[in-house]
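Here is a short note for a colleague who is new to this structure. Please read the points with the model open.

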Amino acid sequence: TETGTKLCSRCGKEAYCSAECQRRAWKVHKLSCQKADSPENRIEDLLKQGRLFSAREQIQELAKPNSRLSAELEEQLTAGIFSEVIESRLRLQPVSDYGLGYVAAKDLQPGEPLLFDTAFCSAPTDGQKEYFFLIAERAIRKGHRDRRISARVDAQVDFFHDTVKSLATKDTHDKSTLDDTSMDDDMREQILICSIAEANSLFCTEDPTHVALYAAAARFNHSCAPNACVESSRATVLVRAVTAIQ
């Protein structure tokens, strides 16, 4: 028999002489095949979990560039539905008078990254239309795309209805008041999402002429004496502690 030179791509241990040989042996090999503990496999697991900050950090530390992993990361960043609480430093819980909000889950030091989030959509602030109207238009368009086009589209539609529409409205506007009007469903939804966009959009620090809707980062409560800051683009935002937080 020929000595195998092609290693199993999953465990990296079993060698085969050809792809056909591997297919024939898989029925037995799968019983003992364990995924190899490699940087690339760890990054793949992070991407599957939606932990894009950690995945990005580890991609940058790879000895050699990996175009496939970088492309997968970029695809998920642009989906706008993933966020990561970094190293379990925060906890989301009801906050008196503010609804759901983040609180420290452990002692935090200045400069520590706390939350990484991706923008569901963004819009300019210097256009002819108000930014919150543009954000609402783009969010509704994503939320009403035809399903079954792709898993990405399905996930964005679900995110719109389950997460974006659950965010607080402007100036504690009571969402139930929309149910008492005679307006049609489309107009009711547009008013709701406009109010949500105005209440929750954040300015992009890297592009001050734009704002973006980050559904997870919107859960931080405003303070005139902030203990955290944001570093944001049209696509992502990173929240860092600026003081010690206990």
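1. Is Gly111 buried, partly exposed or exposed? The model is predicted. In it, Gly111 has a relative accessible area of 37%. That value falls between the 20% and 50% cut-offs, so Gly111 counts as partly exposed.

2. Now place Gly111 in the chain. It sits in the loop between β5 and β6 (113-118). Leaving out neighbours within four places in sequence, Gly111 is in contact with Arg240 and Ala241. Asn221 lies 110 residues from Gly111 along the chain, and their C-alpha atoms are 19 Å apart.

3. Next, the largest pocket. Its space is about 1,300 Å³. The lining has 42 residues, and Ala218, Arg219, Phe220, Asn221 and His222 lie nearest the centre. Two or more lining residues come from each of β4 (90-95), β5 (99-104), α7 (185-200), β8 (202-204) and β10. The largest share, 5 residues, is from β5.

4. What classes of residue make up this lining? There are 25 nonpolar, 12 polar and 5 charged residues.

5. Look at Ser232 in strand β10 (residues 228-232). Its relative accessibility is 1%. Buried means under 20%, so Ser232 counts as buried.

6. What does Ser232 touch? Residues up to four places away in sequence aside, Ser232 touches Phe203, Cys204, Thr205, Glu206, Tyr214 and Val237.

How values were computed: Residues numbered from 1 in each chain as written. Predicted model: local features only at pLDDT ≥ 70, side-chain atom pairs only at ≥ 80, totals over all residues. Heavy atoms only, no water. Helix = DSSP H or I, 4+ residues; strand = E, 2+ residues; numbered from the N terminus. Buried < 20%, exposed > 50% of the residue type's maximum accessible area, 1.4 Å probe, protein only. Contact = heavy atoms within 4.5 Å. 1 Å grid on protein atoms, 1.4 Å probe; cavity = no way out; pocket = protein on both sides within 12 Å on 5 of 7 lines; lining within 4 Å. Points joined across faces, edges and corners; volume = space filled by probe spheres on them. Nonpolar A, V, L, I, M, F, W, Y, C, P; charged D, E, K, R; others polar.
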